Amino acid sequence: MKNQGKSGIGRVIIGKYGNLIGLVVLIVLTTILTNGMFFTQRNLINVLRQVSVNGILAVGMTLVIITGGIDLSVGSVVALTGIIAALLQPQGTAAAIVLTLLAGAAIGGCNGFFVTKFRIPSFIITLGMMTIARGLALVFSKGEAISGLNDSFSAISESYISPSVSLTVFAFLALLTVFLFVKERKSSGYERKIFTFNFIGAMSILFIAAAVAVLVWLIGFRGMPAGVAVFLGIAFLGAYTLNQTRFGRYVYAIGGNEEASRLSGINVKLVKFLVFLIMGVLAAVSGMVLAARLNSGVPTSGVMFELDAIASVVIGGTSLSGGYGSVGGSIIGAFIIGTLNNGMQLLHIDPFYQEIAKGVIIIGAVLMDRKKK
């Protein structure tokens, strides 16, 4: 770092924190333009609940894209699994959840089977599955929303976890994250630099402290919304899987060079199959969280959700060519999309222009991805 000039440090900061800085700038601008309406506890809780559905999808989409694939069916799967969960309400909440997860796994497994068995591009297979799942959602629901969900099922999204329990779990996860970070640094031979103070390290501490302060402030409002807790739990598991497990290393290796991975003994077909299966399960979770929030299964829900999920992943720094990316970056990308959506709604911007704005941001993120190469 000492040998790098100011421009070198600037590139490091932009490369490492560019999306996070963008999120902070967007939050500040949105707060100013809405005269402070955006940065209130009630509205930020609303943003968190909206981001949860897309964030869960973004975690799975990160795995898929890192392996070099893509899944265009997730929006329709969200609608279909929401309908399935609504139809299964008479069987009880536990049975509805388990069977809906199995349905999501079956759809994701079907995508993975055709991609790995017949070597069909994931773009084609998931495009077909997108229309099949949407059609099934309309057939099962007869084109109408299915309401009257059990209170225990609606609690998946509508209930709040008390502030004391939320803060305890949050503190535990924070300590576990620090432990895993230190463990990873030691295993990488950086034990002498773990606590070294420099500008980059100071920025990391500043961002983390600000995020923790805002989250604690929000939890103090009414507690943690259950749907948000589900999202954060899945994000933590996704990040742990990618960074700390052999499966995660295989995912990166396959995205970097599939043929070399195969020659080194990695079961490429199995890993790619599992990645699509996980994506299907997470789409089912997302579908249930959305159905619980709407208190109904809606066959026309989830439209363009695949676009938001892919945009979150790309904005978060994951390469569309595969081999590089992170769950943390995708979560930041999901918050950028969520902040943008909420801010434009508060400013009463025409929905047509909202789609244009998101499209421009996606193109910008892709251009930045190509520039890095």
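Helices (H or I, at least four residues) and strands (E, at least two) are DSSP runs, numbered from the N terminus. The model is predicted, so local features need pLDDT of at least 70 and side-chain atom pairs count only at pLDDT 80 or more, while totals for chains, interfaces and linings use all residues. Residues are numbered from 1 along each chain as its sequence is written, and side-chain values use heavy atoms, with hydrogens and water left out.

**View A. Thr40 in the loop between α1 (6-33) and α2.** Thr40 is partly exposed, at a relative accessible area of 30%; buried means under 20%, exposed over 50%, and partly exposed in between (1.4 Å probe, protein chains only). Between Thr40 and Leu218 there are 9.0 Å in space, C-alpha to C-alpha, and 178 residues in sequence.

**View B. Helix α5 (residues 122-141).** The 20 residues of α5 should span 28 Å at 1.5 Å a residue, and the end C-alpha atoms are 28 Å apart, which agrees; the expected span is 1.5 Å times one less than the number of residues. Lys142, with a positive phi near 55°, follows α5.

**View C. The two sides of α5.** Among the buried residues of α5 are Ile125, Met129 and Ala133. Seen down the helix axis, the buried residues fall within an arc of 165°, so they line one face; the arc is that of the directions from the axis to the C-beta atoms. Thr131 and Val139 are exposed on the face turned away from the buried side. The buried residues pack against α3 (74-87), α4 (93-117), β1 (146-147) and α12 (268-294), where contact means heavy atoms within 4.5 Å.
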